[in-house]
Amino acid sequence: MSIVANKPEPLLYEMSNPGTVGYSLPECDVPMTQLPSDLLRSELNLPEVGEVDVVRHFTRLSQKNYCVDLGIYPLGSCTMKYNPKVNEEAIRLAGFSQVHPMQPAETAQGAMQLMYELQEYLGAISGLPGVTLQPAAGAQGELTGVLVIRAYHLARGDTARSEILIPDSAHGTNPATSAMAGYQVVQVKSDARGNMDSEDLRAKVSNKTAGIMFTNPNTLGLFEEHVRAVNQILHDAGGLVYGDGANLNAIVGVARPGDLGFDVIHSNLHKTFSVPHGGGGPGSGPVMVRPDLAQFLPSPVVAQEGETYVFKNPAHSIGRIKSFWGNFLAIVRAYVYIRSFGKEHLQEIAQDSVLNANYLLALIRDVYDPQVPERVCKHEFVLNGTRFKKEYGVNTLDVAKRIIDYGYYPPTIYFPLIVPECLMIEPTETQSKASLDEFAAALRQIAEEARANPQLLHDAPHDTPVTRLDDVKAAREPVLRYKHL
Amino acid sequence: MSHRFIPLTDADRAAMLQRIGVNSVSDLFADVPRDAQYPEINLPSALSELDMLRTLHDIANRNAHASEYAFFLGAGAYNHFVPATVPHLIFRSEFFTAYTPYQPEISQGTLQTIFEYQSMICDLTGLDAANASHYDAATAAAEAAVMAINSVKNGRKIIVSPTLHPHYRATMRTYLEGQKIPIVGDEDTALSLDAVLDQHLDNNTAGVLVANPDFLGNVRDLKPIADRVHAAGALFIVSTYPIALGMYQPPSAYDADIVIGEGQSLGNALGFGGPYLGIFACKEKYLRRMAGRLIGQTTDTKGRRGFVLTLQAREQHIRREKATSNICTNEALNALAACVYMATMGKQGLRQVAELCYQKAHYAAREISESRQLRELGYRVVNCDSANRFEFFNEFVVECPKSVAEINRALAKQKIIGGYDLAQEYPHLKNGMLIAVTEMNTREQIDALVNALRES
């Protein structure tokens with residue numbers, strides 16, 4: 001098939017054959033009126049292609065993509081687990097897919113029941129019972145959470161808090177979110193064991209601190225060993241603790257953020273709860289808060305009144321964060337996933353994701369360099385590529401591109417920013433032992449190639465629809481659309 | 001017994017633990033506070049696939065849906081025809097189980113489709129550049145406001161039209177609250193746009209956001225408004241309904257600087273409100289202040305055309321707290337649906353959908369407006385210009401003799417989902433009902449609605 005996949009595919013515009021159509025619609029069945037001629041457009045330059053051309057074009061393009069259904073997709077911090085097919089059966093039911101968000105609540109009780117129950121499940125799983133399903137993605141969950149923290153301080157008349165603390169290992173969304181919410185970002189250093197540097201933390205926390213945002217396990221794949229002490233320091237200073245739930249997969253069912261001192265967290269339904277990533281979205285990022293913060297959640301949330309489900313606005317809501325109620329079809333998938341595991345199996349997700357990550361690390365740790373070798377990792381681990389660069393002249397990008405030649409998607413690279421030349425690998429629990437053995441064998445082979453034949457890595461990938469692309473040119477002379485002749 | 005989504009046996013686990021060099025899984029969690037481990041979590045028991053599907057059918061059956069009910073409800077989400085090509089293509093595993101195209105050599109499928117999506121949005125809106133999409137129109141509106149603030153010197157406030165979707169206005173307020181940027185203009189939703197500008201437009205205005213068609217269905221030539229806005233040095237931002245652009249002049253015709261819109265109507269399921277996609281396009285000169293993902297064309301080492309994520313220096317993973325936004329994902333699969341939809345419909349199909357919506361909506365409005373019985377009962381179609389000509393696309397307002405909620409309860413009994421209740425947001429319209437008609441509504445359905453109104 002690579003013969004087909006590697007063939008250049010024209011743009012739809014280049015396939016356009018004026019007069020061809022790919023659609024059919026019924027005739028107009030009502031008496032017609034004059035169109036408003038002064039407001040009409042004269043032209044619309046969309047491509048004209050037949051239905052079969054549309055199908056072949058997008059099918060051929062699809063074959064230029066790697067995906068979870070083809071094999072391991074070890075992007076660290078992205079939790080590219082298998083997306084169960086029953087989820088997709090669920091979202092295609094007309095009673096979910098063809099329901100209008102504004103129809104009267106009494107005609108949408110099933111949808112609202114499902115939302116209410118998922119709110120309850122996420123509250124139970126996180127140990128933080130106030131839940132909103134509205135945020136459309138993790139980053140939007142972050143903004144929601146930080147605005148809740150802001151509303152909490154302001155409601156207490158505490159107006160001087162202007163800073164959010166963020167560890168240097170954090171996702172870029174954390175500082176960007178804090179800035180959007182109007183806060184100054186204060187960075188906290190990491191220590192040699194991959195924890196937050198507690199001296200630096202103590203030095204930076206003050207009565208200006210609104211809160212801290214951190215991911216646990218963090219982006220090094222390590223559990224914060226002093227999690228309760230960190231949270232205590234914040235609470236003693238009057239700040240709140242925001243947990244970035246991007247890495248919740250590592251502890252789901254094993255420990256609850258609410259029991260560890262977190263006040264607010266978000267969860268990416270497209271990571272931990274198996275919603276497919278869709279080529280870069282849609283996501284869904286519900287936010288969970290401790291009971292006294294529920295009054296600030298975005299409006300509305302679903303509540304139960306007797307036998308009826310209703311939309312309610314929390315008393316001191318921060319307002320709306322998007323249109324309608326949230327990414328409902330993502331919510332349905334997460335609901336199906338949680339009910340498919342149930343209370344009996346939920347913790348196996350975390351246990352096996354951590355087991356798989358440590359096993360994969362054990363298989364390659366003699367040829368690659370773990371960033372913090374002395375610790376057990378959680379669901380992912382970070383390798384430091386400095387030695388490869390120094391000894392073989394091979395950088396992490398070369399290693400990543402060579403992984404493609406072996407038929408796999410490369411891990412996350414050059415993130416977190418605190419580790420030079422890093423590779424961040426997250427296998428997830430949905431890999432078999434045999435598939436990890438195979439992937440590890442490929443990584444070992446590549447390490448050997450780096451030593452013996454570095455040019456092979458510099459030139460990689462070799463058998464793909466395109467070779468390495470010129471990013472500088474793309475940014476310097478942006479071509480962002482098809483230009484009509 | 002192993003769970004079906006985890007392909008490991010106990011024998012595998014034992015061998016793996018041995019290789020790692022630990023005795024048990026609990027050794028892997030030794031750094032998690034012992035007393036916090038394995039709390040009682042109140043969840044239902046696991047369901048087999050068959051039992052799960054039975055449960056889902058029961059839940060879904062409690063919802064009225066568009067295969068069984070005639071829908072006359074819009075208000076930002078529309079029941080349009082989705083050609084079979086759309087679900088078949090977007091649910092190919094290679095698209096929907098991939099992620100952000102970080103490694104372009106094995107992501108050209110996603111990259112090229114988004115490039116095509118961006119191109120089509122440019123053609124539809126008439127603007128120079130479009131991004132890969134935002135979460136929805138409401139968040140696109142908020143991002144447009146931020147962009148205007150960052151682009152206009154002395155820009156310290158945003159004016160919104162009272163007939164911009166209430167959810168978009170609310171979302172903008174939430175987004176801009178932290179940065180203390182006031183959103184003004186919709187305090188009195190009865191005011192005309194010209195009156196709003198008289199009151200608020202000045203040299204400190206960063207942007208003016210107007211919907212066309214507006215929330216109440218009206219369409220107009222916005223050139224005079226654009227001229228006023230530009231004369232004050234502000235950006236003119238237009239929120240649009242992409243299906244309407246199948247026939248109406250694009251916002252570039254009246255000199256919009258930024259165009260946003262709800263892309264749901266382009267091939268995406270109603271899905272009780274999401275996921276949808278926010279359309280976002282702008283003039284070239286504002287490109288580098290745009291938020292969100294952009295795909296650009298370039299060449300590979302052999303000179304072949306290829307596509308990459310580009311202009312990433314604007315984004316959070318590079319710029320962190322100095323980024324244009326915290327947005328990380330886009331709504332790629334929804335943008336793909338929009339792309340396949342526009343490819344299937346083509347320029348002729350999009351025009352025909354728009355005209356069908358227009359004709360059917362105008363027929364419905366005429367039937368209501370010309371019915372003596374309905375007039376005597378107190379029903380009145382509001383959307384008329386001075387020549388008493390209907391000047392709306394596919395949505396119009398009917399003033400009703402009693403509460404819309406009450407009417408809608410009666411309609412639901414006849415398997416009709418009536419229009420949106422405007423009572424809360426537009427109290428000046430007496431029992432206002434916002435009725436939407438699309439190509440999905442047959443003449444029979446429209447006649448049934450008119451009859452049901454007579455009887456309700």
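A:Pro217 is located in the loop of chain A between β4 (209-215) and α10 (227-236), where helices (H or I, at least four residues) and strands (E, at least two) are DSSP runs numbered from the N terminus. The peptide bond that leads from A:Asn216 to A:Pro217 is cis, with omega near -5 degrees. The model is a predicted one, in which local features need pLDDT of at least 70 and side-chain atom pairs count only at pLDDT 80 or more, whereas totals for chains, interfaces and linings use all residues. Residues are numbered from 1 along each chain as its sequence is written, and chains are lettered from A and ligands numbered from 1 in the order in which they are written.

A cis peptide bond also joins B:Gly274 and B:Pro275, with omega about 5 degrees. B:Pro275 is placed in the loop between β7 (258-262) and β8 (278-282) of chain B. Most residues other than glycine have a negative phi, and most peptide bonds are trans. A:Phe324, which is not a glycine, has a positive phi of about 60 degrees. This residue, A:Phe324, lies in the loop between β9 (308-312) and α11 (328-364) of chain A. A:Phe324 counts as buried because 24 C-beta neighbours lie inside 10 Å; a residue is buried if 20 or more other C-beta atoms lie within 10 Å of its own, exposed if 12 or fewer, and partly exposed in between, with C-beta atoms placed from the backbone. In B:Tyr38, a residue other than glycine, phi is positive and near 50 degrees. B:Tyr38 belongs to the loop between α2 (25-28) and α3 (49-60) of chain B and is partly exposed, with 14 other C-beta atoms within 10 Å.

Chain B contains 15 helices and 15 strands, and its C-alpha trace spans about 85 × 55 × 50 Å along the principal axes. Of the 456 residues in chain B, 62% are buried. Two residues are in contact if their C-beta atoms, placed from the backbone, lie within 7 Å. Among the contacts in chain B between residues at least 6 apart in sequence, 72% join residues at least 24 apart. B:Thr438, in the loop between β15 (432-436) and α15 (443-455) of chain B, is buried, with 21 other C-beta atoms within 10 Å. Not counting residues up to four places away in sequence, B:Thr438 touches B:Tyr78, B:Asn79, B:His80, B:Cys357 and B:Asn394.

Domain bounds come from an automatic or database domain assignment. For chain B this gives domain 1 (70-80 + 347-455) and domain 2 (85-339), whose C-alpha centres lie 28 Å apart. Their contact takes 23 residues from domain 1 of chain B and 20 residues from domain 2 of chain B. On the side of domain 1 of chain B that touches domain 2 of chain B, α12(B) gives the most, with seven residues. That side has 13 nonpolar, five polar and five charged residues, where Ala, Val, Leu, Ile, Met, Phe, Trp, Tyr, Cys and Pro count as nonpolar, Asp, Glu, Lys and Arg as charged, and the others, Gly among them, as polar. Chain A is divided into domain 1 (86-341) and domain 2 (346-471), with C-alpha centres 30 Å apart. Each of these two domains of chain A contributes 19 residues to the contact.

Between the chains, 165 residues of chain B are in contact with 165 residues of chain A. Helix α12 (residues 332-370) of chain B supplies the largest share of the side of chain B that touches chain A, 24 residues. By class, that side of chain B has 77 nonpolar, 58 polar and 30 charged residues.

Helix packing was examined in both chains. In chain B, the axes of helix α7 (residues 137-151) and helix α8 (residues 166-177) come within 8 Å and cross at roughly 50 degrees; axes are lines fitted to C-alpha atoms, for helices over the stretch in contact, and angles run from 0 to 180 degrees between N-to-C directions. This makes α7(B) oblique to α8(B), as angles under 35 degrees count as roughly parallel, over 145 as roughly antiparallel, 65 to 115 as roughly perpendicular and the rest as oblique. In chain A, the axes of helix α13 (residues 396-405) and helix α14 (residues 433-452) come within 10 Å and cross at roughly 130 degrees, and α13(A) and α14(A) are therefore oblique to each other.
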